[in-house]
Amino acid sequence: MGNGTGIGRVRGLGSARHGAHHWLAQRYTAVGNLLLTLWLLFSLLSLPGLDYESVVGWIANPVVAVPLMLMVVSIFMHLRLGMQVMLEDYVHDKGLAFFSMLVLNFYAFGGAAAGVFAIAKIAFIGVVKP
Amino acid sequence: MARSNSRPLSPHLTIWKWGPAMAVSIMHRVTGNGLATAGALGLIWWLMAAATGPEAYATFVKCATSPIGYLVMIGLSWFFFQHLFSGLRHFVLDMGAGYELKNNKLWSIATFIASLLVTGLVWLTIFGKAL
């Protein structure tokens with residue numbers, strides 16, 4: 001076990017060995033985004049049309065719904081990490097920084113949940129007749 | 001942060017000479033946050049509209065295929081490819097490669113050329129199919 005720097009040792013703030021976690025998670029989700037968004041792009045471009053029936057019929061397919069859910073989760077994890085870094089750089093007021101991080105977390109988890117719910121509804125119910 | 005306002009700040013964007021590496025770095029943040037907000041909300045709107053039914057989907061398509069809708073989609077697709085290519089550049093830099101001045105400049109410029117080319121190609125495909 002490392003003990004951090006001298007001053008950190010004195011303060012009892014040695015390395016927690018989590019320093020690279022944020023950085024690595026940003027890269028893992030980046031790879032996920034790269035593969036899944038390119039898959040979505042090529043799939044949409046090769047669909048016969050982008051009308052309601054074509055799109056919903058396509059998403060309802062299990063081999064589409066599952067990777068699409070993974071894409072939504074990967075995207076919202078990645079944007080949470082990325083926007084966190086931006087806010088840390090530009091929001092200097094402590095209270096405002098806390099509040100903006102709160103809003104960011106609500107946005108990221110809410111957005112991911114909404115996306116997964118929408119895909120699940122399409123997968124289970126399919127085309128809705130007007 | 002607890003700091004006195006009378007103390008000088010370190011020189012920021014206004015003082016440096018612009019170069020490709022600086023531009024690609026700034027654009028990575030701009031495109032990332034643009035995609036994180038407008039792009040992600042658009043994606044959720046599209047999925048929610050498809051999940052809600054034909055009328056909601058028709059409203060989405062009507063907005064997306066309006067002149068402003070196309071402008072937003074073309075802009076976001078360029079943001080997407082710019083972020084993608086400068087993200088790939090990040091992977092190379094993360095491995096400790098590509099820091100030589102000439103190479104760094106070359107690949108910085110390459111991300112802009114690649115993103116513009118691929119954006120153009122994608123929209124040519126889309127508009128070409130519609131014809």
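The largest nonpolar core of this predicted model has 32 residues. The residues with the most contacts inside this core are A:Ile59, A:Phe76, A:Leu79, A:Ile122, B:Ala40, B:Leu47 and B:Ala50. From chain A, helix H3 (52–59), helix H4 (62–90) and helix H5 (94–125) each supply at least two residues. From chain B, helix H1 (20–52), helix H2 (54–64) and helix H3 (67–94) do likewise. The largest share comes from H1(B), with nine residues.

Now turn to the UniProt record. For chain A, an unreviewed entry gives "transmembrane region" for residues 28–47, 59–81 and 102–128. In the model, residues 28–47 of chain A are 95% helix and 0% strand. The end C-alpha atoms of that stretch are 29 Å apart. Residues 102–128 of chain A are 89% helix and 0% strand. Here the end C-alpha atoms are 36 Å apart.

Chain B has its own annotation. An unreviewed UniProt entry lists residues 30–48, 68–85 and 106–126 of chain B as "transmembrane region". Over residues 30–48 of chain B, the model is 100% helix and 0% strand. The end C-alpha atoms there lie 26 Å apart. Residues 68–85 of chain B are also 100% helix and 0% strand. For that stretch, the end C-alpha atoms are 26 Å apart.

Methods. Residues numbered from 1 in each chain as written. Chains lettered and ligands numbered in written order. Predicted model: local features only at pLDDT ≥ 70, side-chain atom pairs only at ≥ 80, totals over all residues. UniProt positions renumbered as here; feature names shortened; annotations may be inferred. Helix = DSSP H or I, 4+ residues; strand = E, 2+ residues; numbered from the N terminus. Core = buried A, V, L, I, M, F, W, Y, C linked by C-beta atoms within 7 Å. Buried ≥ 20, exposed ≤ 12 C-beta atoms within 10 Å, placed from the backbone.
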